[in-house]
Structures are given as structure tokens and as C-alpha cells.
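Me: I would like to learn how to read a few features of a model, one at a time. Please give the general idea, then the case at hand.

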Amino acid sequence: MTLAWTLQPFAALSVPELYALLQLRSAVFVVEQTCAFQDIDGHDAEALHLLGRTETGELAAYARLFPVGRSYPEASIGRVAVALAFRRHGLGRQLMGEALARCAAQWGPQPIQIGAQLYLREFYRSFGFEQVGDEYLEDDIPHIHMLRP
């Protein structure tokens, strides 16, 4: 399955696009992970939003991208999510590949830092990320910081 990708600043998102991305994030990070946390964290307006849509227009994958200094001293990728109905088709790999390519296109080749859920460490290592620092809890979920030089 191949997705159609768009990258937009917050102000360019339509109401249906914003609704779809918030619905996807809520389904993955709040409902599936049974984690009551404030997903709408006040940082969406500072991010570029990467949306991957199916040929029928359904939002299947999403991430938000930040330039240097917004989340970390490096550029960063966060809120990486694939809708449950579209998993096991390699879309997580497509999403990260697209996110890395879009970061490079926007801001040039540079290090990227992420706050990754611990169980995804090997997935992110396959993209060149390495763990930096110790494990920590975020919203009661084990996380690690990872850096791609």
C-alpha cells in the first residue's frame, strides 16, 4: 500500500484535516495505549504536519515535525502514528522514511532527536537512531531519547 503524503503548517490545515489527525492521535495514544494525557499540548501550531492518506482519502499515517530548537536542540519528529486498520502493511516504515526525507528537504541534512517509546527502539535503530540517555517514564510509558546524527 502506498500513501499520498502532504506536509503542511498548522495554519494551512483544513478543519477536516485537523479533525482527522486529532482523531488518529487520540485513537492511538489515548485509547489504544490507555493513557490519559493531554495530546493537544499547545505545540501543534509550531509543527509541520505530515499526513499520509490512502487512495480513498482516509488518513492512515501521521507525524509532526519540528525545526531545531522547538522540542530539542536538534530537529525532531513526534506523534508518529499509523491507524490500527492500516498496520502490518509497512506504513510505519513509509511514514518514518517520509518524515526523515521531509526534515532534510525543509531544513537540510542535520541531526534529528526523538522521544521514542522503549518497545520501538529497534524500529528506530533501523533508521539510524541511537539511544542517548537513560530510560524515562512519560505518561507511565517507558521512553528513551534517540538521536540520528
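Predicted model: local features only at pLDDT ≥ 70, side-chain atom pairs only at ≥ 80, totals over all residues.

Reply: We can start with one residue. Ala20 sits in helix H1.

Me: Is Ala20 buried or exposed?

Reply: The reading rests on a cut-off: buried means under 20% relative accessible area. Ala20 has 18% relative accessibility, so it counts as buried. In H1, the buried residues are Glu17, Ala20, Leu21, Leu24, Arg25, Val28 and Phe29.

Me: Which class does Ala27 fall in?

Reply: Ala27 is also a residue of helix H1. Between the buried limit of 20% and the exposed limit of 50%, a residue is called partly exposed. Ala27, at 32% relative accessibility, is therefore partly exposed.

Me: How do I check the length of a helix, taking H1 as the case?

Reply: Compare an expected span with the distance between the end C-alpha atoms. H1 has 18 residues, so at 1.5 Å a residue it should span 26 Å; the end C-alpha atoms are 24 Å apart, which agrees. H1 also has a bend of about 30 degrees, located at Ser26.

Me: Which residue other than glycine has a positive phi, near 40 degrees?

Reply: That is Thr34, whose phi is near 40 degrees. Thr34 lies in the loop between H1 and strand E2 (48-53). Its relative accessibility is 71%, so Thr34 counts as exposed. Asp140 is another case, a residue other than glycine with a positive phi near 65 degrees. Asp140 belongs to the loop between E6 and E7, and it is exposed because its relative accessible area is 70%.

Me: What is the volume of the largest pocket, and which residues lie nearest its centre?

Reply: The largest pocket has a volume of about 1,200 Å³. Its lining has 43 residues, with Phe29, Arg79, Val80, Leu120 and Tyr124 nearest the centre. By class, the lining residues are 21 nonpolar, 12 polar and 10 charged.

Me: Which element gives the largest share of that lining?

Reply: E4 does, with seven residues. The elements that each supply at least two lining residues include helix H1 (15-32), strand E4 (75-82), helix H2 (91-107) and helix H3 (121-125). Strands E6 (130-138) and E7 (141-148) are also among them.

Me: What does the UniProt record annotate over residues 8-149?

Reply: The unreviewed UniProt entry carries the annotation "domain: N-acetyltransferase" for residues 8-149. Over residues 8-149, the model is 28% helix and 33% strand, and the end C-alpha atoms are 25 Å apart.

Technical notes. Residues numbered from 1 in each chain as written. Heavy atoms only, no water. 1 Å grid on protein atoms, 1.4 Å probe; cavity = no way out; pocket = protein on both sides within 12 Å on 5 of 7 lines; lining within 4 Å. Points joined across faces, edges and corners; volume = space filled by probe spheres on them. Helix = DSSP H or I, 4+ residues; strand = E, 2+ residues; numbered from the N terminus. Nonpolar A, V, L, I, M, F, W, Y, C, P; charged D, E, K, R; others polar. UniProt positions renumbered as here; feature names shortened; annotations may be inferred. Expected span 1.5 Å × (residues − 1). Bend = angle between axes of the 7 residues up to and from the residue. Buried < 20%, exposed > 50% of the residue type's maximum accessible area, 1.4 Å probe, protein only.
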